[in-house]
Amino acid sequence: MNSNIPITLMSLLTLVTPTVIAQQAVDRILDSSPTPTISIEHMQGNIDVQVWDKAQVQVTGTLGKDAQALVFTRNGKQINIEVESEHSNNKWGGWSNNNKSRDELTVMVPRDSEIDYEAINGTLNVTQVTQGVSAEVVNGNIIVTDTQGRHRLTTVNGDITINNASGPLRLGTVNGDVIATHVGQDDVDLESVNGELSLISESLDVTVETVNARITLDLQAVSRLYIETVNSRINASLTLLPSGKLSATSVDANMDFTFQQDISARFDLEGHAGGRFTNNLTADKVQKDKYGPGRWLNFTTGEGDAKVDIETVSGKVTLSSRE
């Protein structure tokens with residue numbers, strides 16, 4: 001009989017230990033490069049990334065009840081932070097959405113870090129890192145503030161909020177909103193489906209592709225603006241440089257463009273199946289096909305330095321200038 005007691009105790013410990021570990025607080029630290037790449041992966045929860053003036057990475061907080069282990073390792077400049085859970089082998093489902101199942105972690109990193117984040121049901125908040133942020137989230141939000149470097153941020157069901165970020169931006173969301181304030185002249189690439197997009201930017205080169213979206217673009221001096229949209233509403237304010245080009249195509253969408261008062265450009269607008277144009281820049285009138293729904297508007301302002309090409313199917317285009 002006594003020989004069976006150790007086996008019973010070991011069996012109980014095996015069953016109990018993973019739950020105890022998952023519910024414990026986390027406080028771990030590793031030495032790192034001053035310019036590390038921080039890879040963070042977990043199933044669900046909130047990750048808050050903050051900077052400090054140390055060549056170290058620290059993880060504090062609590063793990064969700066489904067967590068089995070926190071993997072925290074270094075390989076050269078790479079720091080890996082991964083929460084292993086009961087559903088790690090099935091990343092696309094099987095998680096619980098209650099608060100006890102969510103990781104709540106704060107990650108302190110060197111200022112000159114690059115962040116690479118992946119989650120199924122998570123929210124990422126990053127501040128002040130200088131080497132860029134990459135994030136892929138299925139259900140959750142991404143918030144970056146005062147960051148630098150290349151940004152590649154995508155969500156399926158969630159919002160993206162960018163406050164005072166510099167460097168190239170590539171943002172994409174489905175069933176979510178994007179609110180971005182971007183400084184500097186690096187390229188901006190936006191994709192949105194079923195959401196609202198608001199961009200304030202100094203970028204010289206902006207690309208926007210949307211479906212069923214409401215878009216507000218507050219741009220400065222622009223060399224290239226490309227828009228492709230379906231069933232959306234776009235309001236864009238910009239200064240088109242003398243060598244610049246605006247290209248826009250739409251299907252069943254309303255597009256309002258507001259230019260600088262002294263714009264010098266050649267305008268070529270073409271409408272199909274009932275496209276409508278409102279020209280508040282000059283007295284030039286819309287021309288219509290004698291037979292059929294086609295219409296067009298061609299005119300030049302100033303010396304015609306820049307180029308504006310707009311094509312729409314069953315949409316409305318309005319051209320105006322700032323007061």
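Trainee: What makes up the lining of the largest pocket?

Mentor: The model is predicted. In it, 16 residues line the largest pocket. S134, A135, E136, R152 and T154 lie nearest its centre.

Trainee: Which elements give two or more residues to that lining?

Mentor: They are β2 (37-52), β7 (114-127), β8 (133-139), β10 (151-157) and β12 (169-174).

Trainee: How do the lining residues divide into nonpolar, polar and charged?

Mentor: Five are nonpolar, four polar and seven charged. The space in the pocket is about 230 Å³.

Trainee: Why is Q44 called buried?

Mentor: Buried means under 20% relative accessible area. Q44 has 3%, so Q44 counts as buried. Q44 is found in strand β2. Its C-alpha atom is separated by 9.9 Å from that of D66, 22 residues apart along the chain.

Trainee: What makes R111 and D53 a salt bridge?

Mentor: The cut-off is 4 Å between a side-chain nitrogen of Lys or Arg and a carboxyl oxygen of Asp or Glu. The closest N and O atoms of R111 and D53 are 3.9 Å apart, so the pair is within the cut-off. R111 lies in the loop between β6 (103-110) and β7, and D53 in the loop between β2 and β3 (56-62), so the pair ties together parts that are 58 residues apart in sequence.

Trainee: Is D53 buried or exposed, and why?

Mentor: Exposed means over 50%. D53 has a relative accessible area of 70%, so D53 is exposed. R111 has 34%, so R111 counts as partly exposed.

Trainee: How do you know that R170 and D189 meet in a salt bridge?

Mentor: The N to O distance is 2.8 Å. The cut-off is 4 Å, so the pair qualifies. R170 is in strand β12 and D189 in strand β14 (residues 188-201), 19 residues apart. D189 is at 18% relative accessibility, so D189 counts as buried. R170 is at 45%, so R170 counts as partly exposed.

Trainee: What ties D256 to R233?

Mentor: Their side chains meet in a salt bridge, 2.8 Å from N to O. D256 lies in strand β17 (residues 254-259) and R233 in strand β16 (residues 233-251), so the pair ties together parts that are 23 residues apart in sequence. D256 counts as buried because its relative accessibility is 19%, and the limit is under 20%. R233, at 29%, counts as partly exposed.

Trainee: Which residues do salt bridges that share partners join into one network?

Mentor: They are K245, D268, K307 and D309. The count for the model comes to nine salt bridges.

Trainee: Which residues make the nonpolar surface patch?

Mentor: V211, V230, V251 and V313 make it, with about 240 Å².

Trainee: Where does S314 lie?

Mentor: S314 lies in the loop between β22 (306-313) and β23 (316-321). S314 is not a glycine, yet has a positive phi of about 55 degrees. Its relative accessible area is 35%, so S314 is partly exposed.

Notes: Residues are numbered from 1 along each chain as its sequence is written. This is a predicted model: local features need pLDDT of at least 70, side-chain atom pairs count only at pLDDT 80 or more; totals for chains, interfaces and linings use all residues. Side-chain values use heavy atoms; hydrogens and water are left out. Helices (H or I, at least four residues) and strands (E, at least two) are DSSP runs, numbered from the N terminus. Buried means under 20% relative accessible area, exposed over 50%, partly exposed in between (1.4 Å probe, protein chains only). On a 1 Å grid over the protein atoms alone, a cavity is a set of points where a 1.4 Å probe fits but cannot get out, and a pocket is an open set with protein on both sides within 12 Å along at least five of seven lines; lining residues have an atom within 4 Å of a point. Grid points are joined across faces, edges and corners, and a volume is the space filled by probe spheres set on the points. Ala, Val, Leu, Ile, Met, Phe, Trp, Tyr, Cys and Pro count as nonpolar, Asp, Glu, Lys and Arg as charged, and the others, Gly among them, as polar. Patches are made of residues with over 30% relative accessible area and no salt bridge: like charges are joined within 9 Å, nonpolar side chains (Val, Leu, Ile, Met, Phe, Trp, Tyr) within 5 Å. Accessible areas come from the Shrake-Rupley method with a 1.4 Å probe; for residues, only the protein chains shown count as cover.
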